[in-house]
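Trainee: I should like to work through this structure with you, one question at a time. Where should we begin?

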Amino acid sequence: MEWYIPITILPGIGMLILSTTGQMMTLSGEIGMLLAKKCDDFQHAISDKKIIQLGRLTKAATLLYTSAACFVLAGIFGAVFPDDMDDYYPKIILLLGVILVLIALGYLIQYSFKTITIRRLQHQHNHDMRE
């Protein structure tokens with residue numbers, strides 16, 4: 001394995017981290033607005049769901065940061081010890097990074113589906129209040 005291969009993955013991971021961090025900030029602002037005033041039962045339930053969503057995003061971001069570290073480490077090991085390790089350790093670290101990215105993407109997919117459910121609940125509640 002060439003040492004630069006894991007490093008070339010970093011820009012994509014960086015974009016995922018940037019996107020996830022932006023979503024975390026937006027969601028945190030929404031939660032802050034909901035909790036800034038006295039909530040009724042529905043708003044409290046929505047706040048609970050959004051806090052769980054924030055936890056999903058936080059886990060995904062943490063996994064993405066860790067995977068980025070794995071990719072950098074695999075690249076460094078591949079460059080510094082090209083013949084000594086027979087590519088065993090860099091490949092294992094690279095594989096760990098890929099697994100972490102896949103788990104993070106799972107959290108992001110779950111976040112996306114749950115976000116639609118929360119919005120649907122808010123829409124239905126708003127519609128029910130107008131009748």
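Mentor: Let us begin with a definition: a helix here is a DSSP run of H or I with at least four residues, and helices are numbered from the N terminus. Please keep in mind that the model is predicted.

Trainee: In which helix is Gly12 found?

Mentor: Helix H2 covers residues 10-35. Gly12 is found in helix H2.

Trainee: Is Gly12 buried, partly exposed or exposed?

Mentor: Buried means under 20% relative accessible area and exposed means over 50%, with partly exposed in between. The relative accessibility of Gly12 is 41%, so the residue counts as partly exposed.

Trainee: What distance separates the C-alpha atoms of Gly12 and Ala68?

Mentor: Along the chain, Gly12 and Ala68 are 56 residues apart.

Trainee: What distance does H2 reach from its first C-alpha to its last?

Mentor: H2 has 26 residues, and at 1.5 Å a residue the expected value is 38 Å. The computed reach is close to that, at 37 Å.

Trainee: Which residues of H2 are buried?

Mentor: The cut-off for a buried residue is under 20% relative accessible area. In H2 the buried residues are Ile13, Ile17, Thr20, Leu27, Ile31 and Leu34.

Trainee: How far apart are the end C-alpha atoms of H3?

Mentor: H3 has 40 residues, which should span 58 Å at 1.5 Å a residue. The separation of its end C-alpha atoms agrees with this, being 59 Å.

Trainee: Which residue caps the N-terminal end of H3?

Mentor: A side-chain oxygen of the capping residue lies 3.2 Å from the backbone nitrogen of Phe42. The residue that caps this end is Asp40.

Trainee: Why does Leu57 count as buried?

Mentor: Leu57 has its place in helix H3. The limit for a buried residue is under 20%. Leu57 counts as buried because its relative accessibility is 0%.

Trainee: How far apart in space are Leu100 and Leu63, C-alpha to C-alpha?

Mentor: Leu100 lies in helix H4 and is buried, with a relative accessible area of 12%. In sequence, Leu100 and Leu63 are 37 residues apart. From C-alpha to C-alpha, the distance is 5.7 Å.

Trainee: How many disulfides does the structure hold?

Mentor: A disulfide is a covalent bond between the sulfur atoms of two cysteines. Cys39 is partly exposed, with a relative accessible area of 23%, whereas Cys70 is buried at 9%. The number of disulfides in the structure is zero.

Trainee: Which element gives the most to the lining of the largest pocket?

Mentor: The pocket holds about 160 Å³ of space. Two elements give two or more residues to its lining, namely helix H3 (41-80) and helix H4 (88-130). The element that gives the most, with four residues, is H4.

Trainee: How many residues of that lining are nonpolar, polar and charged?

Mentor: The lining includes Leu34, Asp40, Phe42, Gln43 and Ile46, and among its other members are Gln122, His125, Asn126 and Met129. By class, the lining divides into four nonpolar, four polar and one charged.

Conventions:
Residues are numbered from 1 along each chain as its sequence is written. This is a predicted model: local features need pLDDT of at least 70, side-chain atom pairs count only at pLDDT 80 or more; totals for chains, interfaces and linings use all residues. Side-chain values use heavy atoms; hydrogens and water are left out. On a 1 Å grid over the protein atoms alone, a cavity is a set of points where a 1.4 Å probe fits but cannot get out, and a pocket is an open set with protein on both sides within 12 Å along at least five of seven lines; lining residues have an atom within 4 Å of a point. Grid points are joined across faces, edges and corners, and a volume is the space filled by probe spheres set on the points. Ala, Val, Leu, Ile, Met, Phe, Trp, Tyr, Cys and Pro count as nonpolar, Asp, Glu, Lys and Arg as charged, and the others, Gly among them, as polar. A disulfide is a pair of cysteine sulfur atoms within 2.5 Å. Buried means under 20% relative accessible area, exposed over 50%, partly exposed in between (1.4 Å probe, protein chains only). The expected span of a helix is 1.5 Å times one less than its number of residues. A polar contact is a pair of N or O atoms within 3.5 Å; within protein, one must be able to donate a hydrogen and the other to accept it, and residues adjacent in sequence count only if both atoms are side-chain atoms.
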